[in-house]
Amino acid sequence: LQPRHLFEIILSAAANFSGITVINSIWVAFEQPAVTYTSFWSIGNLCLSFLFFLYLSIFFDTLRLLMALSGYQPQVCMKNPLLLSTSPSDFWGRRWNLWVHGQLKRALFTPMFRTAPFKSMGKTASALLGAFLSFLISGIAHEYFSRVFFSTAPDNYPNWSMLAFFLSQFPICTAEKLLYGLLPKSGKTFVETTPQPLKLLLSYVVMLPLAPLFHLSFQKMFLGLDLL
């Protein structure tokens with residue numbers, strides 16, 4: 001066990017707990033506003049996005065601590081996606097839940113795309129298919145876990161809203177890659193030199209309006225708020 005790994009995990013967990021305290025204070029100040037399909041820019045939408053990230057990060061920090069104490073080098077699972085992302089594809093591909101991302105890549109996509117049928121598709125088509133399957137599997141997995149582990153009542157559950165959320169990310173990421181590929185060299189240089197905070201803001205503009213699809217079931221399960 002290297003001391004720096006242990007220190008990094010403890011520091012990460014402390015920052016996440018502090019973040020939860022701050023977000024909860026904001027949440028209470030606004031009397032725990034519910035998230036609806038139309039309240040895209042509500043305080044509730046922003047708060048739930050950060051709270052879900054922070055609680056999930058603490059879960060990963062716990063796993064990382066157990067691995068470190070067992071003598072393994074823990075993998076970083078989150079790279080501050082809500083504050084450091086530069087695009088939707090950067091959010092999903094390089095910052096959010098890297099443990100699951102790596103597992104899917106190693107166990108499913110790398111072996112699958114080495115087979116003859118997928119090799120014949122070409123690089124672009126196989127990349128598109130891989131991205132679509134990633135979001136599809138993520139959506140189905142979230143629907144399954146929310147039903148099995150949290151036993152949400154059918155009459156209160158926004159049917160397949162999580163799947164809809166993840167599938168909605170596929171055209172967003174595809175459009176991003178397509179538009180970037182169509183830019184001239186000067187356009188690509190402009191995008192690459194754009195300040196990160198502005199890129200993050202543009203990512204929020206694209207992604208946050210769809211977040212209620214993901215949040216609705218969680219606000220019912222964890223917060224006891226009625227779906228509006």
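## Salt bridges and their surroundings

Guide: The structure holds three salt bridges (a side-chain nitrogen of Lys or Arg within 4 Å of a carboxyl oxygen of Asp or Glu). This is a predicted model, in which local features need pLDDT of at least 70 and side-chain atom pairs count only at pLDDT 80 or more, while totals for chains, interfaces and linings use all residues. Residues are numbered from 1 along each chain as its sequence is written, and side-chain values use heavy atoms, with hydrogens and water left out.

Start with Asp 90. Asp 90 pairs with Arg 94, and their closest N and O atoms are 2.9 Å apart. Asp 90 also meets the side chain of Arg 95 in a salt bridge, at 3.0 Å from N to O. Together, Asp 90, Arg 94 and Arg 95 are linked in a network of salt bridges.

Now look at the spacing. Asp 90 and Arg 94 lie four residues apart in helix H4, so about one helical turn separates them. Helices here are DSSP runs of H or I with at least four residues, strands are runs of E with at least two, and both are numbered from the N terminus.

Buried means under 20% relative accessible area, exposed means over 50%, and partly exposed is in between (1.4 Å probe, protein chains only). Arg 95 also counts as buried, at 18% relative accessibility. Arg 94 is partly exposed, at 45%.

Helix H4 (residues 88-95) has the highest mean pLDDT among the elements of the protein chain, at 94. pLDDT is the predictor's confidence in each residue, from 0 to 100. The lowest mean, 71, belongs to helix H11 (residues 211-223). Where pLDDT is low, the predicted coordinates should not be read in detail. For the protein chain, the mean pLDDT is 82, and 84% of the residues reach 70 or more.

Move on past H4. Asn 97 is found in the loop between H4 and helix H5 (98-113). Its phi is near 45 degrees, a positive value in a residue other than glycine. Most residues other than glycine have a negative phi. At 15% relative accessibility, Asn 97 counts as buried.

Arg 64 forms a salt bridge with Asp 61, and the closest N and O atoms are 3.3 Å apart. Arg 64 and Asp 61 are three residues apart in helix H2, so about one helical turn lies between them. Both Arg 64 and Asp 61 are buried.

Helix H2 itself covers residues 43-69. At 1.5 Å a residue, its 27 residues should span 39 Å, and its end C-alpha atoms are 39 Å apart, which agrees. The expected span is 1.5 Å times one less than the number of residues. Just after H2, Gly 71 takes a positive phi of about 95 degrees. Asn 80 sits in the loop between H2 and helix H3 (81-84). Asn 80 is not a glycine, yet its phi is positive, about 45 degrees. At 28% relative accessibility, Asn 80 counts as partly exposed.

Helix H8 (residues 161-182) gives another length check. Its 22 residues should span 32 Å at 1.5 Å a residue, and the end C-alpha atoms are 32 Å apart, which agrees. Several H8 residues are buried, including Phe 165, Phe 166, Phe 170 and Cys 173.

Then go to helix H10, where Leu 201 has its place. Leu 201 is partly exposed, with a relative accessible area of 49%. Leu 201 and Ser 85 are 116 residues apart in sequence, and their C-alpha atoms are 9.4 Å apart in space. Leu 202 is also found in helix H10, which covers residues 196-207.

Finally, step back to the whole chain. The protein chain has 11 helices and zero strands. Buried residues make up 38% of its 228 residues. Contact means heavy atoms within 4.5 Å. Of the contacts with a separation of 6 or more, 64% join residues 24 or more positions apart. The accessible surface comes to about 13,300 Å², and 71% of that belongs to carbon and sulfur atoms. Such areas come from the Shrake-Rupley method with a 1.4 Å probe; for residues, only the protein chains shown count as cover.
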